[in-house]
Amino acid sequence: MTTHYTIYIEKHKLKLKVGYRSGKFWRVERVSGQMTDTILDSFGIVVPLEEKQVQQYQNRYGKNVTYTKIEKKKSIYTQFSDAWFVFYEQFAGIEPKFTGVEGKALKQIITYLKKVAGDDAAALELWNVILSRWKYLDEFHRKNTDLKYINSNLNKIITNVKRISQEGTKGVSDDYLKRVVNDLRT
């Protein structure tokens, strides 16, 4: 796993991006400011060799040198993909094959669920509800966990999940697509 930090050296107005892989120094790049011979000579003084030392360095230098971890928020695509990978591995017991075709199908699923649910968070919640109810779907759907299949049969699958959630009720309301996230919450 790779993590990144920005290191800002106040005296030299220098901003660096430092990467750590598996907790060990991996690479550094200059983001802004000038690199001088003096800075290069003292580089090891301000850049920890191990990620676990970052806080010690921050304590040592205070406001003169600041260390900020770069936190990347996962994209909606990554969140959908992660949910599907977890679902598939639990359901099938193996890691799924994921190619460009599956990626394209997942993008279309995301687009549709965002349209139905209204926003990214609600679409992701709906996706998780669909996957969590998968074992209760009609047998034909249950056997087809392929993203291409899910994408091409999404309306039928959502209707099936809706039926499962409202066991014993008749009919599907006209405003179903607008209310599906709230109706299907566990």
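**Figure 1. Overall arrangement of the predicted model.** The protein comprises ten helices and four strands. Read from the N terminus, the order of elements is β-β-β-α-α-α-β-α-α-α-α-α-α-α. Of the 186 residues, 37% count as buried. Among contacts between residues at least 6 apart in sequence, 48% join residues at least 24 apart.

Figure 2. His141 is twelve residues away from Asn153 in sequence, and the C-alpha atoms of the two residues are 8.7 Å apart.

**Figure 3. Close-up of helix α4 and its buried residues.** The 17 residues of α4 should span 24 Å at 1.5 Å a residue, and the distance of 24 Å between the end C-alpha atoms agrees with this. Ile76, Phe80, Ser81, Ala83, Trp84, Phe85, Phe87 and Tyr88 are the buried residues of the helix. These buried residues pack against three helices, namely α5, α6 and α8. An α-helix has 3.6 residues a turn, so residues three or four places apart point the same way. Just after α4, Gly93 adopts a positive phi of about 80°.

**Figure 4. Close-up of the crossing of α4 and α5.** The axes of α4 (residues 76-92) and α5 (residues 100-117) come within 10 Å and cross at roughly 110°. This angle falls in the range of 65 to 115 degrees, and the two helices are therefore roughly perpendicular to each other. On the α4 side the contact is made by Ile76, Tyr77, Phe80 and Ser81, which meet Gly103, Leu106, Lys107, Ile110 and Leu113 of α5. By class, the contact of α4 with α5 holds six nonpolar, two polar and one charged residues.

**Figure 5. Close-up of the contact of α4 with α6.** Here the helix axes come within 10 Å and cross at roughly 10°. An angle under 35 degrees counts as roughly parallel, so α4 is roughly parallel to α6. Ile76, Gln79, Phe80, Ala83, Trp84 and Phe87 of α4 meet Asp120, Ala123, Leu124, Trp127, Asn128 and Leu131 of α6. The residues of this contact divide into nine nonpolar, two polar and one charged.

**Figure 6. Close-up of the nonpolar cores.** The largest nonpolar core has 32 residues, of which Phe80, Trp84, Leu113, Trp127, Ile130 and Ile150 touch the most other members. The greatest contribution is that of α6, with eight residues. Apart from its neighbours within four places in sequence, Trp84 is in contact with Pro96, Phe98, Trp127, Leu131, Thr145, Leu147 and Ile150. A second, separate core consists of 16 residues, including Tyr5, Ile7, Ile39 and Val65.

Figure 7. Lys13 is found in the loop between β1 (2-9) and β2 (14-21). Its phi is near 50°, a positive value in a residue other than glycine. With a relative accessibility of 46%, Lys13 counts as partly exposed. The loop between β2 and β3 (24-32) contains Ser22. Ser22 is not a glycine, yet its phi is positive at about 50°. The relative accessibility of Ser22 is 64%, over the 50% limit, and Ser22 therefore counts as exposed.

Figure 8. Gln53 is found in the loop between α2 (43-46) and α3 (54-61). A relative accessible area of 23% makes Gln53 partly exposed. Gly23 is 30 residues from Gln53 along the chain, and the C-alpha atoms of the pair are separated by 9.5 Å.

Conventions: Residues are numbered from 1 along each chain as its sequence is written. This is a predicted model: local features need pLDDT of at least 70, side-chain atom pairs count only at pLDDT 80 or more; totals for chains, interfaces and linings use all residues. Side-chain values use heavy atoms; hydrogens and water are left out. Axes are lines fitted to C-alpha atoms, for helices over the stretch in contact, and angles run from 0 to 180 degrees between N-to-C directions. Angles under 35 degrees count as roughly parallel, over 145 as roughly antiparallel, 65 to 115 as roughly perpendicular and the rest as oblique. Contact means heavy atoms within 4.5 Å. Ala, Val, Leu, Ile, Met, Phe, Trp, Tyr, Cys and Pro count as nonpolar, Asp, Glu, Lys and Arg as charged, and the others, Gly among them, as polar. Buried means under 20% relative accessible area, exposed over 50%, partly exposed in between (1.4 Å probe, protein chains only). A nonpolar core is a set of buried Ala, Val, Leu, Ile, Met, Phe, Trp, Tyr and Cys residues joined through side-chain atoms within 4.5 Å. The expected span of a helix is 1.5 Å times one less than its number of residues.
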